[in-house]
Amino acid sequence: MRLLETGNHLVALAANAVGVEVVPAYPITPQTQIIEMVADLIAEGKMDAEYIPVESEHSACAALVSASLTGARAFSATSSHGLAYMHEMLHYAAGIRVPVVMANVNRALGPGWNIWCDHQDSVSQRDTGWLQVYVASHQEAVDTVIQAYRVTEDHSVLLPLMLNLDAFVLSHTYMEAEVPTKEEVLRYLPPYAPLWKLDPRKPVTHGSVIYPVDFSETRESMQLGQDNARSVVPQAAEEFREVFGRWHGAMVESYRTDDAEFLIVAMGSLASESRVSVDALRKEGKAVGLLRVRFFRPFPFEEVRELCAGREGLLVIDRDYSYGMEGALFTEVKAALYGHETVPVRNLIVGLGGRDVTYELIIENVERAWAGELGDITWGDSHITRAHEITREVLCEFEELLSEGES
Amino acid sequence: MSHEEEVGYMTSVSRPVKGCAGNTGEWRVFRPVKDDEKCNNCLLCWVYCPEACISKEGIEIDFQYCKGCGICAVECPTEAIVMVKEEKQ
């Protein structure tokens, strides 16, 4: 069915198409219309699923884990502070190895309070054991919900999957997209076949106490699941193309990289924007290509190495920051290359808190990075405005206040 | 078998074995004491005991595992269970 819809509604419709059976969620800010639509669909009898509105995101994730353990296909959605509040249970979901899918609408974390797009929320959950994918279009959001269950329910993976879509740019804007029917999805995605489930005939406790002598192996097992996903993700993408005829890349997506001398590396909608920059630079005869990191976890080491080998330079765009270090994607890309490929890599920090990033700004920074004019890290759109002056003014006023008090 | 194959799929799972958390009765500060004359055998204590320390037959309390939480005493409709402070040994 071809629809003109918001990214949020499309994700909800895709969750319905994959036959999700339980949706636990916290329905209040910063929740998005994904859950609003799921609730609507269930209330109208158009979605055969149990909706569990809970009192917090922490509980939403706990219910998500439990729902999956009963053998049901479970789904949830959250955003920014909601995801942050789930942090503890994110570890539980990964540690208990439940193949759930959760959409996260990428928004900045406060303060200052800000509901706009950046990747700080999900990047901050990098080490919880979840698989992470970043989509770059409305259609990819739909198709990745479907692919996500193929990946996470694979018995060699069995790790939760976080589907990240950029706030507003993808979540709230309307775009045309194809949403497959349940019958069409069944040709690609079989019903969930759990390895085991909660059953009174064989009672067990999942996520129980575990002593130092037995702990490490469970964590190594999670990493093995992540490693296995590296081959399941491309397989799921290939089979998706065979059934639906659409392709959004596998672990990564490359664009005009074949003869590229310089590459932009980015995630999410900034990669879509970079595509425009690549086309414009190509028109000027500059051989630039784009490497879009689709899966951030597991990180596509092999793909990054292969695609970056022999280039004159790379510009890694981060819409996040690891404080005291650098952009998170920048760190990962360099780690993939270290000891394998020698390529100059520069980091561009832009688009934090939803600031608009234009293709011209990307072009300008690509040209400067390629010419060797950029330092390691560039805050590409940082400039002081009238609003920032308030800090200075209040500081001055406070200084006066304190000196008056002393006299 | 490689080390990776040996690790394979591994999670923290336990079976509900009696006493798997140790002799939790040692934690007890207050002990539930039952008055058989007041007890009407309604089994609410058996239903509410979070540690399954009360037997359905005979309403016997297992003091090896009873933590002394007092829920049974609160729930008992005939006040047949009272909490008595344990004597220090």
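Q: In this predicted model, in which sense do S9(A) and strand S1 of chain B pair?
A: Let's start where the two chains meet. S9(A) pairs with strand S1 of chain B, which covers residues 13-14. Within this pairing, A:Thr205 has B:Ser14 as its bridge partner. The two strands are joined over 2 bridges, and the sense is antiparallel.

Q: Which element gives the most residues to the side of chain A that touches chain B?
A: In total, 16 residues of chain A are in contact with 11 residues of chain B. Two elements of chain A give two or more residues to this side: strand S9 (205-206) and helix H9 (212-244). By class, the side of chain A holds 6 nonpolar, 7 polar and 3 charged residues. The element that gives the most, with 5 residues, is H9(A).

Q: Into which domains is chain A divided, and how far apart are their centres?
A: Now let's look within chain A. Its domain 1 takes in residues 2-244, and its domain 2 takes in residues 252-379. Taken over C-alpha atoms, the distance between the centres of these two domains is 27 Å.

Q: Which element gives the most to the side of domain 1 of chain A that touches domain 2 of chain A?
A: Here 28 residues of domain 1 of chain A are in contact with 18 residues of domain 2 of chain A. On the domain 1 side, helix H6 (120-123), S6, strand S7 (161-166) and H9 of chain A each supply at least two residues. That side has 15 nonpolar, 8 polar and 5 charged residues. The element that gives the most, with 5 residues, is H9(A).

Q: Which strands stand at the edges of the open sheet of 5 strands in chain A?
A: The order of strands in this open sheet is S4-S5-S7-S6-S13, with mixed pairing. A strand at the edge has a single partner strand, so one of its sides is left without a neighbour in the sheet. From one strand to the next, the twist averages 25°. The edge strands are S4 (75-79) and S13 (295-297) of chain A.

Q: Is A:Met47 buried or exposed?
A: A:Met47 lies in the loop between helix H2 (33-43) and strand S3 (50-53) of chain A. A residue counts as buried if 20 or more other C-beta atoms lie within 10 Å of its own. A:Met47 has 23 other C-beta atoms within 10 Å, so it is buried.

Definitions and conventions: Residues numbered from 1 in each chain as written. Chains lettered and ligands numbered in written order. Predicted model: local features only at pLDDT ≥ 70, side-chain atom pairs only at ≥ 80, totals over all residues. Contact = placed C-beta atoms within 7 Å. Helix = DSSP H or I, 4+ residues; strand = E, 2+ residues; numbered from the N terminus. Nonpolar A, V, L, I, M, F, W, Y, C, P; charged D, E, K, R; others polar. Pairing = 2+ DSSP bridges. Buried ≥ 20, exposed ≤ 12 C-beta atoms within 10 Å, placed from the backbone. Axes fitted to C-alpha atoms, helices over the stretch in contact; angles between N-to-C directions. Domains from an automatic or database assignment.
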